[in-house]
Amino acid sequence: MTSQTTVEKASREPQDTAVPAPAKGLRGHPWLTLFSVAIGVMMVALDGTIVAIANPAIQQDLGASLADVQWITNGYMLALAVSLITAGKLGDRFGHRQTFLIGVVGFAAASGAIGLSDSVALVIVFRVLQGLFGALLMPAALGLLRATFPAEKLNMAIGIWGMVIGASTAGGPILGGVLVEHVSWQSVFFINVPVGVIALLLGLVILKDHRAENAPRSFDIGGIVLLSQAMFCLIWALIKGAEWGWGDYKTLGFLGAAVALFVVFAFSQKNVREPLIPLAMFRSVPLSAGAVLMVLMAFAFMGGLFFVTFYLQNVHGLSPVDSGLHLLPLTGMMIVASPLAGAMITKFGPRVPLVGGMVCTAVAMFGMSQLTIGTGTLTMSIWFGLLGLGLAPVMVGATEVIVGNAPMELSGVAGGLQQAAMQVGGSLGTAVLGAVMASQVDSKLADNWTAAKLPSLTPEQLDTASSAVEVGVPPMDGNTPPEVAAKIAGVAHDTFVSGMSTAFMVAGIVAAVAALVATLTKRGANAEAGAGAGHI
């Protein structure tokens with residue numbers, strides 16, 4: 001946009017000032033905007049973990065294979081991860097309000113369609129659509145907060161936003177267990193319909209469209225295709241690596257293709273008038289550090305949470321509902337600490353809270369590596385609570401660092417980058433820690449089995465037993481004599497806990513590295529632009 005055009009626009013719209021007057025009434029009110037977008041974001045965050053509880057019931061009711069059930073999760077994850085940055089760009093181009101509302105409607109409609117589906121193929125198709133619409137919704141929510149809140153209140157808002165995501169992610173298994181156990185697996189999806197209607201009605205009344213004066217006016221179609229292909233290859237390799245083997249040619253082929261596509265994408269961005277991701281964004285060391293920090297945080301958090309669920313249910317024998325209740329210290333601490341972290345970051349800047357948060361996360365991971373078969377609820381609660389205390393400032397601070405260091409006209413892209421970093425980190429953590437667990441089980445199960453003087457296993461039987469033990473399940477059937485069953489359970493649980501301990505040690509080391517990365521962060525250089533953005 002030329003300076004003459006800018007002057008002409010200013011003369012036509014003298015009411016647009018650098019710092020807008022406080023919103024009067026409902027539309028554009030900052031805290032009501034936060035409440036409105038939080039409801040929509042809650043749906044997407046819940047679905048990241050709630051569906052795992054429903055998968056066994058879906059498998060039984062629809063006669064699905066294990067591969068089908070895996071696609072119910074993988075289809076959603078792939079669609080979400082591949083689309084996030086592009087969806088953020090759509091919000092920058094057409095307005096975050098419109099993008100958010102379309103995402104809410106589409107996500108709720110896809111959820112209702114899943115509940116009405118009578119075949120696993122339809123469930124998978126609508127799960128993919130859920131992921132696509134969820135990708136529209138998440139970055140748009142951050143863009144709306146960035147444009148609506150004054151700079152001195154933005155961290156508090158992001159703190160509450162992060163609290164909603166963290167609490168929804170950790171609370172998914174609790175709600176999912178209650179719904180599946182007492183209603184039906186369909187209710188896990190039907191619940192999104194009334195929530196979506198509420199989010200839509202609130203959004204229509206409350207949300208106000210904000211766009212930067214120099215918002216993008218075109219699309220980098222080639223960049224969208226390249227980035228989408230690169231993200232697909234990366235996430236697909238992480239999802240399938242454990243099944244194919246990390247040295248398998250298919251795994252290496254997809255990882256190699258991802259690297260090549262990312263390189264081609266980076267070169268392509270230099271020759272486009274309005275690139276999908278201006279590479280100049282990454283000249284900001286704090287922004288780049290924030291993205292890396294988000295990947296490492298999600299690696300430790302999502303990878304660790306994956307094993308905690310199996311530990312509680314398969315080793316301690318808890319029901320899904322009871323397992324979720326045991327995670328309440330984690331959820332509760334995130335709820336309490338996230339707004340407080342936002343206030344601390346506003347006052348002191350993000351660096352100290354981020355470093356402190358990752359140190360707490362590392363200590364919690366090292367503490368969880370000491371869990372045993374007989375560990376009591378109190379000890380578990382201490383480590384889960386410390387993990388929540390550590391994650392809260394990171395969820396808030398890393399988000400502020402990424403979004404606050406990006407120009408206002410790229411707030412949607414920055415929001416997509418933040419969410420994509422979380423998806424990549426979560427997939428990477430689950431894949432790498434899963435490989436660590438598999439390696440430990442493979443190296444110890446046979447010796448533990450022999451030491452317990454159990455009947456010897458053939459190589460095929462050992463492979464089958466290892467697959468069960470990797471998730472804490474004793475490899476036996478209902479006809480196994482009680483005394484033999486007790487020995488098998490002891491071997492399986494001991495071997496699983498040993499592998500879990502190693503996995504948590506790796507997660508703790510990653511968290512410690514993240515604490516070092518956090519020292520490179522600082523307050524967003526463009527944070528002040530949010531509240532002063534031009535709006536239409």
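Which helix does F262 lie in? F262 sits in helix α11, residues 249–268, where helices (H or I, at least four residues) are DSSP runs numbered from the N terminus. Before going on, a word on the model: it is predicted, so local features need pLDDT of at least 70 and side-chain atom pairs count only at pLDDT 80 or more, while totals for chains, interfaces and linings use all residues. Residues are numbered from 1 along each chain as its sequence is written, and side-chain values use heavy atoms, with hydrogens and water left out.

Back to F262. Its relative accessibility is 28%, so it counts as partly exposed; that class lies between buried (under 20% relative accessible area) and exposed (over 50%), using a 1.4 Å probe and protein chains only. Leaving aside residues up to four places away in sequence, F262 touches L227, A230, M231 and L234, with contact meaning heavy atoms within 4.5 Å. L227 is 35 residues away along the chain, yet the C-alpha atoms of L227 and F262 are separated by 6.7 Å.

Now move along to α12, residues 285–315. This helix is mostly covered, with 22 of its 31 residues buried. Its end C-alpha atoms are 44 Å apart, which agrees with the 45 Å it should span at 1.5 Å a residue; the expected span is 1.5 Å times one less than the number of residues. After α12 comes G317, with a positive phi near 70°.

Next up is α14, residues 328–348. It bends by about 30° at A337, and P339 follows within four residues. The bend here is the angle between axes fitted to the seven residues ending at a residue and the seven starting there. Both A337 and P339 are among the buried residues of α14. Just past this helix, G349 takes a positive phi of about 90°.

So what does α14 pass in a right-handed crossing? Its partner is α16, residues 377–404, and the two axes come within 7 Å and cross at roughly 35°. Axes are lines fitted to C-alpha atoms over the stretch in contact, with angles from 0 to 180 degrees between N-to-C directions; right-handed means the near helix is turned clockwise from the far one by less than a right angle, left-handed anticlockwise. The contact includes M334, A337 and G342 of α14 and F384, G388 and L391 of α16.

Finally, look at H493 in helix α19, residues 482–518. H493 is buried, with a relative accessible area of 12%. Not counting residues up to four places away in sequence, H493 touches N314, V315, I373, G472 and P474.

Key
Helices (H or I, at least four residues) and strands (E, at least two) are DSSP runs, numbered from the N terminus.
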